[in-house]
Amino acid sequence: MFKRFRRLRMNSHLRNLVTQTKITKDDFIYPLFIKEGQGIKKEVGSMPGVFQMSIDEILKECDSLKKLGIFSIIIFGIPDTKDSIGSDALCEHGVIASSLKKIKETHPDMFVVTDLCFCEYTDHGHCGIIDTQNQSVDNDKTLDILVTQAIIHAKSGADMIAPSGMMDGMITALRKGLDGAGYSNLPIMSYSTKFSSAYYGPFRDVAESAPSFGDRRTYQMNPANRNEAIEESLADETEGADILMVKPALAYLDIIRDIKNSSRLPLAVYNVSGEYAMLKAAATAGVIDYDKVMMETMLAFKRAGADIIITYHAKEVAKILDEMR
Ligand code: PBG
Ligand code: ZN
């Protein structure tokens, strides 16, 4: 009997030799939520295992991440006071700027990415300055404050910035602003293809960033549009982005592959809060083997074309990779 396919599956060493897609700890970025204050470590109901932490707890968390072999983080801020323009994000003593300095002082070997946006800092919860005429985000006014925010992050020690607000022209504006301020070596990982997704729900609980009116459909993408998804990322490449991103990840594997085939830049995917919450809920309900489903999901991202995976599962994945050795 001719057994073309099964021949290579009969021995575990052979299976390993012919494994096409491999997951390593180097692939991961772990998100952290920094709450202003001291002694705070608060789990948020919709995302078991994810905490709002004050900076003292964040520094301890960095220790445990390094022990697990995870050296890259992306940080989000939760300030005590919010206003219409997100002033906390525009000030060198704001929650991200001050925390970033402390992280880089005590953990210079951590690679710290900062999320660049305003929804966590504005009292209305939108990703920029509101144009009161049409109750939507004013693109160009937001670009101006984004550049200010980026320069503050750069000065405070960010290793990479990740603009997530989906403003048109944001990469051109940021690259120009950063280069002009002497930060031409600072890379930009753009949330280049970011959909207006219901999968962000749990994140907005943790980051306290749900919009107080309307939704984000005038700036984030329509999940139905495949061509536009590719164009969005290619435009950011042209504008000077160093790394592209697709977000969310699991419901958009086709888009990940499309963009991988259309660009030679490194590609990140954001395995978002709702995707994480679904696996946790399924595990709690006892209907899946959580570890196996999680690892299979990570593999799917890489197979689809992801070079980098931003995920709340990163610590759990690292533990499993250790057990597998
Ligand atoms: C902010 C931002 C969001 C996420 C990352 N950065 C949420 C949003 O657009 O409301 C979502 C991440 C997640 O769901 O895990 N612009
Ligand atoms: Zn935002």
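Guide: What follows is a chat about the labels used for this model and the values behind them.

Guide: Some ground rules: this is a predicted model, where local features need pLDDT of at least 70, side-chain atom pairs count only at pLDDT 80 or more, and totals for chains, interfaces and linings use all residues. Residues are numbered from 1 along each chain as its sequence is written, chains are lettered from A and ligands numbered from 1 in the order in which they are written, and side-chain values use heavy atoms, with hydrogens and water left out.

Visitor: What makes the arrangement around the zinc ion (ligand 2) tetrahedral?

Guide: Four donors count as tetrahedral if all angles lie between 85 and 135 degrees. The four donor atoms around the zinc ion (ligand 2) subtend angles of 98 to 123°, so the arrangement is tetrahedral. For reference, the ideal angle for four tetrahedral donors is 109.5 degrees.

Visitor: Which cysteines coordinate the zinc ion (ligand 2)?

Guide: C117, C119 and C127 do, each through SG, at 2.3 Å. Donors are N, O and S atoms within 2.8 Å of the metal (3.2 Å for Na, K and Ca), and sites may look incomplete, as water is not among the atoms. Along the sequence, the donor residues are spaced C-x1-C-x7-C.

Visitor: Why is C119 called buried?

Guide: Buried means under 20% relative accessible area, exposed over 50%, and partly exposed in between, using a 1.4 Å probe and protein chains only. C119 has 7% relative accessibility, so C119 counts as buried. C127 is buried too, because its relative accessible area is 2%.

Visitor: How do you know whether H124 is buried or exposed?

Guide: Its relative accessibility is 9%, so H124 counts as buried. H124 sits in the loop between β5 and β6 (130–131). Setting aside residues up to four places away in sequence, H124 touches S84, I130, A210, P211, S212 and F213, where contact means heavy atoms within 4.5 Å.

Visitor: How do you know that the length of helix α4 agrees with what it should be?

Guide: Helices (H or I, at least four residues) and strands (E, at least two) are DSSP runs, numbered from the N terminus. The expected span is 1.5 Å times one less than the number of residues. The 18 residues of α4 (residues 139–156) should span 26 Å, and the end C-alpha atoms are 26 Å apart, so the two agree.

Visitor: What do the buried residues of α4 pack against?

Guide: They pack against α3 (95–106), β5 (111–116), β7 (136–137), β8 (160–163) and α5 (170–180). Among the buried residues of α4 are L143, L146 and H153. Just after α4, G157 takes a positive phi of about 110°.

Visitor: Last one: what makes M53 buried?

Guide: M53 has a relative accessible area of 3%, so M53 is buried. M53 lies in strand β3 (residues 47–53). Leaving aside neighbours within four places in sequence, its contacts include L32, F33, I34 and I58.

Methods:
Four donors count as tetrahedral if all angles lie between 85 and 135 degrees; four count as square planar and six as octahedral if opposite donors are over 155 degrees apart and all others between 65 and 115; anything else is irregular.
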